[in-house]
Amino acid sequence: MVTIRAEQIGKKYRKEWIFRRVDLTLSAGNSYTFVGPNGSGKSTLLQLLAGSLPSTEGKLVYEQNGRPLEPDDWFRQICIAAPYLELVEELTLDELLTFHQTFKPFSAGLTPAMVADRLLLTHARHKEIKYFSSGMKQRVKLGLAFFAEAPVVILDEPTSNLDRQGAAWYQEQVRQLIEPADGRPPRLLLIGSNQPDEYDFCPNVLDVTRWK
Ligand SMILES: Nc1ncnc2c1ncn2[C@@H]1O[C@H](COP(=O)(O)OP(=O)(O)OP(=O)(O)O)[C@@H](O)[C@H]1O
């Protein structure tokens, strides 16, 4: 089981503190949503918790089954879907899924063809990502996080560009992360959002402006 512990972390850009003194303990089987107005620091905080941005102050500890993990091993534990993370556009969906699973394996038993099916994109398996619509790309980004084995899933603005069918698909899949129907271990889910229907199932909603 994975736990992320943030101890008094803060982030400053130039002379401006985005947030300070963030103390959090986040563990598997739970979901947490960070809310706040545009520019309040949701994406920045998620990137710090993912270990992809350094904090200006404070300490971040990752633990697996009570043992600290080295920062270099964090990335294996995390899948992140966010508007600022791009897909490799030159690859077809099949190629992308095959490539991705070499460093972020899919859950046991899932093949790239099965993942394409779960993405509702079987018809587009041989199409290059650059020809996907923005909603199709968003589904791929989410699917790479939903269907990987990694125990921590981070979703920033998860339903951006999704139509009604895509949003319903998101709702169905995201709930299975914390209450898996197939016996898989529950994951730690972190969301950054301003749209209540993206996190209406989530009991832990934290406004980042509390850390200004
Ligand atoms: N690389 C950077 N250099 C300087 N300032 C930055 C940088 N990245 C973000 N910021 C600033 O940090 C603040 C928080 O930005 P962030 O993207 O985390 O907000 P957000 O809450 O996710 O916003 P939104 O709802 O618009 O996505 C903003 O004032 C932004 O301008």
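Two strands pair if DSSP finds at least two bridges between them. Strands (E, at least two residues) and helices (H or I, at least four) are DSSP runs, numbered from the N terminus. This is a predicted model: local features need pLDDT of at least 70, side-chain atom pairs count only at pLDDT 80 or more, and totals for chains, interfaces and linings use all residues. Residues are numbered from 1 along each chain as its sequence is written.

**Sheet**
- Four strands make an open, antiparallel sheet, in the order β2-β1-β4-β5.
- Its edge strands, β2 (16-27) and β5 (67-68), each pair on one side only.
- Strands β1 (residues 2-13) and β4 (residues 57-64) run antiparallel and are joined by seven bridges.
- I4 stands opposite Y62 in β4.
- Helix α1 packs on the sheet and touches β1, β2 and β4. Contact here means C-beta atoms, placed from the backbone, within 7 Å.
- The direction of α1 makes about 130° with that of β1. Axes are lines fitted to C-alpha atoms, for helices over the stretch in contact, and angles run from 0 to 180 degrees between N-to-C directions.

**Ligand shell**
- Y13, I18, G36, N38, G39, S40, G41, K42, S43, T44, G192 and N194 surround the ligand. Each counts as near if its C-beta atom, placed from the backbone, lies within 6 Å.
- Helix α1 (residues 42-49) supplies the largest share of this shell, three residues.

**Record**
- UniProt, in an unreviewed entry, lists residues 4-211 as "domain: ABC transporter". Such annotations may be inferred rather than shown by experiment.
- Residues 4-211 are 29% helix and 26% strand, with end C-alpha atoms 18 Å apart.

Conventions. Two residues are in contact if their C-beta atoms, placed from the backbone, lie within 7 Å.
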